[in-house]
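Please read the following report alongside the sequence and the model.

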Amino acid sequence: MTESTLIVRMSKSAGIYNKNNTYEVRLNNGDFMLMNYQNNRMEFRLPNGKHTVTIKNEVTTHETEFELRYEKTKVLTINPSVTYKLFLGFMIGIVTFSIVLQIFFVEKLKLSLIWILFFPLFFIKKKNFAPSFMVTES
């Protein structure tokens with residue numbers, strides 16, 4: 001019986017923002033293996049046929065069913081999405097920069113302008129960032 005290759009890897013664009021991400025990779029409902037920034041690629045030799053890969057982290061679970069054919073290679077790539085902490089930090093940076101500009105150019109603080117700057121921060125919810133990664137096939 002011939003075997004095919006399955007490669008599960010993390011996206012190279014994950015960068016330094018996603019160094020702390022850890023994923024559990026479970027093949028055909030068997031034992032799970034941990035994938036993180038250090039070991040960001042796993043390779044499996046599997047018999048031809050249908051298989052299931054479940055990838056999960058603390059927020060999201062993604063299950064992919066695929067079929068391996070005669071001596072072909074299938075690559076599953078984990079693409080992390082924008083995280084809550086990164087977006088919140090970006091928004092706080094914009095607000096801080098706007099306040100500094102207001103101090104230097106207007107030379108006084110207007111409370112009404114400060115409240116307008118903080119207003120979008122009230123709508124940032126952690127649940128809006130729930131799908132923390134996507135899996136693509138190639």
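The report below starts with the sheet and then turns to side chains.

This is a predicted model, in which local features need pLDDT of at least 70 and side-chain atom pairs count only at pLDDT 80 or more, while totals for chains, interfaces and linings use all residues. Residues are numbered from 1 along each chain as its sequence is written, and side-chain values use heavy atoms, with hydrogens and water left out.

**The sheet**

Four strands, in the order E4-E1-E7-E8, make up an open sheet with mixed pairing; strands (E, at least two residues) and helices (H or I, at least four) are DSSP runs numbered from the N terminus, and two strands pair if DSSP finds at least two bridges between them. Strand E4 (41-47) and strand E8 (133-137) each have a single partner strand and stand at the edges, so one side of each lacks a neighbour in the sheet. From one strand to the next the twist averages 20°, with axes taken as lines fitted to C-alpha atoms and angles running from 0 to 180 degrees between N-to-C directions. Between strand E7 (residues 73-80) and E8 the pairing is antiparallel over five bridges, and Thr77 is placed opposite Thr136 in E8.

**Salt bridges**

The structure holds three salt bridges, each defined as a side-chain nitrogen of Lys or Arg within 4 Å of a carboxyl oxygen of Asp or Glu.

| Salt bridge | N to O distance |
|---|---|
| Glu3 and Arg45 | 3.8 Å |
| Arg41 and Glu43 | 3.4 Å |
| Glu137 and Lys74 | 3.3 Å |

Because Glu137 lies in strand E8 and Lys74 in strand E7, their pair ties together parts that are 63 residues apart in sequence. Relative accessibility (buried under 20%, exposed over 50%, partly exposed in between, with a 1.4 Å probe and protein chains only) places Glu3 as partly exposed at 35%, Arg41 as partly exposed at 48% and Glu43 as exposed at 51%.

**The aromatic pair**

There is one aromatic pair in the structure; rings of Phe, Tyr and Trp (its six-membered ring) pair if their centres lie within 6.5 Å, and planes under 30 degrees apart count as stacked, over 60 as edge-to-face and the rest as tilted. The ring centres of Phe119 and Phe123 are 5.2 Å apart with planes at 75°, so this pair is edge-to-face. Phe119 is partly exposed at 49%, whereas Phe123 is exposed at 54%.

**Gln102**

Gln102 belongs to helix H1 (residues 84-106) and is buried, with 7% relative accessibility. Beyond its neighbours within four places in sequence, Gln102 has contacts (heavy atoms within 4.5 Å) with residues including Glu107, Leu109 and Ile114.
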